[in-house]
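Trainee: I have a new structure to look at, and I would like to learn how to read it. Could you walk me through it?

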Amino acid sequence: GSGGGGGGGEQKAVGAALLATPRARRSLASIGTYGTIFGRKIGQTMQIFAYSSDTATIGASGVLIDADTALSWQTVEVAFANGVIESVAAENGLTATIKTNNKEVGVGDLGGSGKSHPAGLVMTVTFTSGTDMDSVYIDFSSSTTVICILTCVPFTSTPRVATVVQDKSNNLYLFASPNTPTDGVASTIEIAVTGAFNESDITSLLTGMTPQVGSGFFGVGFLDGTSKLPDGEAIAVVSRPLLDIDVDSVTTAVVASPAAPAFDALLFVIGAAFDPCVLCNAILRKTGNRPRLYGNPCLPGDPTKTYKDGPKSTADLVQLTTECYTNIADDPTNPVRRCVYDYMEGSGYDYEGKLNEKPLDRIETCMTLPSPSPPALPPASYP
């Protein structure tokens with residue numbers, strides 16, 4: 001995955017905390033606006049998300065943005081390090097503009113109309129088949145990379161950005177830029193909170209990683225000196241939204257590995273909405289002994305609804321926003337099918353939380369089946 005955003009607090013390891021001041025390009029500029037951009041990689045694509053706020057909690061160690069109160073944006077522009085853009089699908093009915101050797105893209109109010117669009121998913125960028133996606137990240141050192149509301153939030157003064165994201169299901173993710181073997185990679189995340197937090201409030205989602213919980217803080221990471229936190233994957237799940245992160249605490253930090261150069265800015269986005277079904281075209285029926293495939297549509301789970309699981313004697317389970325469902329004609333009020341999930345590309349399926357008898361590591365990403373030969377894919381068993 002690729003990068004986080006800027007306008008945040010400089011990390012302690014760099015020296016005294018220094019808040020980056022957004023550069024105003026419009027008359028109604030507010031120096032209190034902070035924001036971040038981050039990208040989730042799925043195959044040769046990257047979903048670009050943007051969040052900004054003029055009511056963010058600003059501290060010496062970072063900035064906290066509540067996704068539910070984030071500002072609408074007028075323009076989002078992104079420069080990428082490495083990779084060649086093949087196409088861009090913009091959200092909100094917009095058309096993206098690709099420029100500068102197919103390494104930069106802009107979307108939104110490029111003509112000055114003044115229209116704004118909701119925080120969250122901005123666009124999905126597809127890179128050429130020859131692009132090594134591991135090398136692609138958002139270039140925050142470029143003056144092109146910016147979120148504009150009435151104020152533009154640039155990142156050139158904080159080119160090394162760490163964004164910690166908590167989604168609607170309370171999963172925690174790290175998005176870091178740059179993201180190279182020697183720069184922008186993190187070993188641990190340490191978070192101070194003002195509310196109660198116990199060991200039972202956090203569960204690791206990574207093999208070999210045990211969360212550390214102390215008085216008023218917790219940490220996730222590897223203590224072996226070599227392992228790094230993955231970028232853009234769910235790291236851990238906590239019991240509640242972390243709107244009480246203490247961004248003034250010296251404990252709150254994303255620690256780079258190697259420790260220098262450190263991150264210039266640390267931002268938290270709490271309550272982000274990810275669409276796990278963006279590339280999903282396969283539905284798994286969750287009843288019976290064998291999963292059966294059907295067609296799309298495929299929509300994120302609705303926590304206010306349930307799905308059937310196993311024998312009729314088993315209680316229905318609540319849908320998760322990290323799973324995908326569809327209503328079916330014979331039972332429109334009770335979705336019972338779920339997308340096939342990706343573990344390693346092209347291998348296996350998720351069924352009862354298992355994949356080839358191994359715990360499922362990456363439930364947030366759906367697997368896309370190969371295009372069926374005519375006629376269209378009929379209901380069939382999946383090996």
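Trainee: In which sense do strand β15 and strand β18 pair, and over how many bridges?

Mentor: Before that, a word on the source. This is a predicted model, where local features need pLDDT of at least 70 and side-chain atom pairs count only at pLDDT 80 or more, while totals for chains, interfaces and linings use all residues. Residues are numbered from 1 along each chain as its sequence is written, and side-chain values use heavy atoms, with hydrogens and water left out.

Mentor: Now the general idea: strands of a sheet pair through backbone hydrogen bonds, either parallel or antiparallel. Strands here are DSSP runs of E with at least two residues, helices are runs of H or I with at least four, and both are numbered from the N terminus. Two strands pair if DSSP finds at least two bridges between them. In this case β15 (residues 186-192) and β18 (residues 217-221) are antiparallel, with five bridges. Glutamate 190, for example, stands opposite glycine 219 in β18.

Trainee: What order do the strands take in the open sheet of four strands?

Mentor: The order is β17-β18-β15-β20, and the pairing is antiparallel. At the edges stand β17 (212-214) and β20; each has a single partner strand, so one side of each lacks a neighbour in the sheet. From one strand to the next the twist averages 15°, taken between axes that are lines fitted to C-alpha atoms (for helices, over the stretch in contact), with angles from 0 to 180 degrees between N-to-C directions.

Trainee: How many residues of strand β13 are buried?

Mentor: Buried means under 20% relative accessible area, exposed means over 50%, and partly exposed lies in between (1.4 Å probe, protein chains only). In β13 (residues 161-167), seven of the seven residues are buried, so the strand is largely enclosed by the rest of the structure. In a regular strand the side chains alternate between the two faces of the sheet. Both faces of β13 are covered: one side has Val161, Thr163, Val165 and Asp167, the other has Ala162, Val164 and Gln166, and all are buried.

Trainee: Which strands are joined to β13?

Mentor: β14 is joined to β13 by six bridges and runs antiparallel to it, while β21 (residues 265-272) is joined by seven bridges and runs parallel. Glutamine 166 shows both links: its bridge partner in β14 is leucine 172, and it stands opposite isoleucine 270 in β21. The hairpin of β13 and β14 has three residues between the strands, and asparagine 170 takes a positive phi near 70° there.

Trainee: Is leucine 174 buried or exposed?

Mentor: Leucine 174 is buried, at 1% relative accessibility. This residue belongs to β14 (residues 171-177). Contact means heavy atoms within 4.5 Å. Leaving aside neighbours within four places in sequence, the contacts of leucine 174 include Val164, Ala186, Ile235 and Val254. Its C-alpha atom is separated by 4.7 Å from that of valine 164, which is 10 residues apart along the chain.

Trainee: How many residues does the largest nonpolar core have?

Mentor: In soluble globular proteins, nonpolar side chains tend to be buried together. A nonpolar core is a set of buried Ala, Val, Leu, Ile, Met, Phe, Trp, Tyr and Cys residues joined through side-chain atoms within 4.5 Å. The largest here has 45 residues, and Phe80 is among those with the most contacts inside it. Strand β2 (residues 45-53) gives the largest share of this core, five residues. A second, separate core of 30 residues includes Leu64, Ala186, Ile202 and Ile235.

Trainee: Which cysteines does a disulfide join?

Mentor: A disulfide is a pair of cysteine sulfur atoms within 2.5 Å. Here cysteine 148 is joined to cysteine 152, with 2.0 Å from S to S. The link is right-handed, with 100° about the S-S bond. Cysteine 148 is buried at 4% relative accessibility, and cysteine 152 is buried at 2%.
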